[in-house]
Amino acid sequence: MKELIDQISARLREQSIIVPDEEIEVRLKKLIDDFRVPEGEARRSVLNYFQKEHGVTPLARAGSERVKISEIKEPGRWVDLKVKVVDLWEPATEAISQTGLVGDSSGVMKFVKWKKSELPDMLLGQSYSLKNAVTDEFQGRFSIKLNRTSQIEPLEEEVEARSISKRAQEMKVIEIDEPGVWVDLKVKVAQLWETNSDSISQSGLIGDETGSIKFVKWAKADLADLEEGKSYLLRNLVTDEFQGRFSVKLNRTSQIEPLDIDVQIGSQAAEFSGALVDVQKGSGLIKRCPVCKRSLAKGVCADHGKVDGTYDLRIKAVLDDGRRVQDVLINRETTERLVGLTLEEARMMAMEALDHEVVRSLIESKLVGRYFTITGPRVDRYLLVETVNEVMPVTESSVDELMSQAEAI
């Protein structure tokens, strides 16, 4: 962040514009952290904003220059490339129309084609001239972006691209430290989540003895569903990264092989202490699909349609330590122990009241306002609770008592 601020400040000073670093930082953070704007785009947006604020016409963009991939070593540079498409992936967001790898004789690099660019799709294995692409960088890795000003022109001659190996390496979860790598994993399915896109058939958490990682199985992959609690050998997965978090994707080339052994999941546990301030919708007595274990919406599974679901108990809660909040997921066994209510008792309560919400209301009445210390792996915004212990809140009287004890020493 400091490097970006210094770059913007220097460019502004060249035009006799003096802006405090704090103001530049506020706008940068809002774009990057709140709106997930890539750093290169955020840099240009902030620069243009302050130029206009001070009545200065933004400097005309320098013309793009023809480069090799290996020559890209800075963000915010406009370039022309002759490349071959060596890999294509499913976009992680609807704002992206296409993403993958392009290469030339000097190397390979990730590309992103924004949906708003309205540019034609490129084909795997085909060669193109890309004009007015802009370079970007995240955590030391460079990429190119294709936007409205970019051009894509098919080439008759084939570009010789450095080959990339799609031979999967057998790895442990903890060894995954870069995107675009093909891996084989022996894992256990720790948890399945509700999907938020029709392009995803399953997502959740898998792990081995070294730790846990998010997985996504694309609908186009046409693969069998994974079952929660079962162990598998997953072949030909490709690693991905978003904002410093790694994940693995199952696509058409992937394979799923059930294992007879029970893979143990190692705990890379995080800890959080605070007051439980909210029991969210989707807590209490729920029904899951008997096939994929995904929670049902009005008796319907997104993949398997209307099914006779199996009952389960869970808690989706929010803890607050006074400075920050933490979303947590609590499984059936821990829910039963915390609330003093079995799954069967919860089912009978709901049947008598003709309403599943009575169970959530009971959980809310028993837990909200109590203080807990929880541990478990953190995945996205959730902490998956493995241990939970109630702690006494720090009150004014307890602070006074501690102060008195200290003064008496």
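The largest cavity has a volume of about 40 Å³. The structure is a predicted model, and a search of the whole of this model finds one cavity of 30 Å³ or more. Two elements give two or more residues each to the lining of the largest cavity, namely strand 20 (325–330) and strand 21 (371–376). The residues that line this cavity are Leu276, Leu319, Val328, Ile330, Leu338, Phe372, Ile374 and Val388. Sorted by class, the lining comprises eight nonpolar residues, with no polar and no charged residues.

Aromatic contacts were examined next. A pair of aromatic rings is described by the distance of the centres and the angle of the planes. One aromatic pair is found in a search of the whole structure. The pair is formed by Tyr49 and Phe50, with 5.1 Å from centre to centre and 80° between the planes. The arrangement is edge-to-face, because planes over 60 degrees apart are placed in that class.

The two partners were also assigned to accessibility classes. Phe50 has a relative accessible area of 5% and is therefore buried, since buried means under 20%. Tyr49 has a relative accessibility of 30% and so counts as partly exposed, a class that lies between the 20% limit for buried and the 50% limit for exposed.

Tyr49 also takes part in a contact with a charged residue. The charged end of Arg27 sits over the ring of Tyr49, at 3.5 Å from the ring centre. The ring of Tyr49 thus has Arg27 over it and is paired edge-to-face with Phe50.

Note on methods. Residues are numbered from 1 along each chain as its sequence is written. This is a predicted model: local features need pLDDT of at least 70, side-chain atom pairs count only at pLDDT 80 or more; totals for chains, interfaces and linings use all residues. Side-chain values use heavy atoms; hydrogens and water are left out. On a 1 Å grid over the protein atoms alone, a cavity is a set of points where a 1.4 Å probe fits but cannot get out, and a pocket is an open set with protein on both sides within 12 Å along at least five of seven lines; lining residues have an atom within 4 Å of a point. Grid points are joined across faces, edges and corners, and a volume is the space filled by probe spheres set on the points. Helices (H or I, at least four residues) and strands (E, at least two) are DSSP runs, numbered from the N terminus. Ala, Val, Leu, Ile, Met, Phe, Trp, Tyr, Cys and Pro count as nonpolar, Asp, Glu, Lys and Arg as charged, and the others, Gly among them, as polar. Rings of Phe, Tyr and Trp (its six-membered ring) pair if their centres lie within 6.5 Å; planes under 30 degrees apart count as stacked, over 60 as edge-to-face and the rest as tilted. Buried means under 20% relative accessible area, exposed over 50%, partly exposed in between (1.4 Å probe, protein chains only). A charge sits over a ring if NZ of Lys or CZ of Arg is within 6 Å of the ring centre and within 35 degrees of the ring normal.
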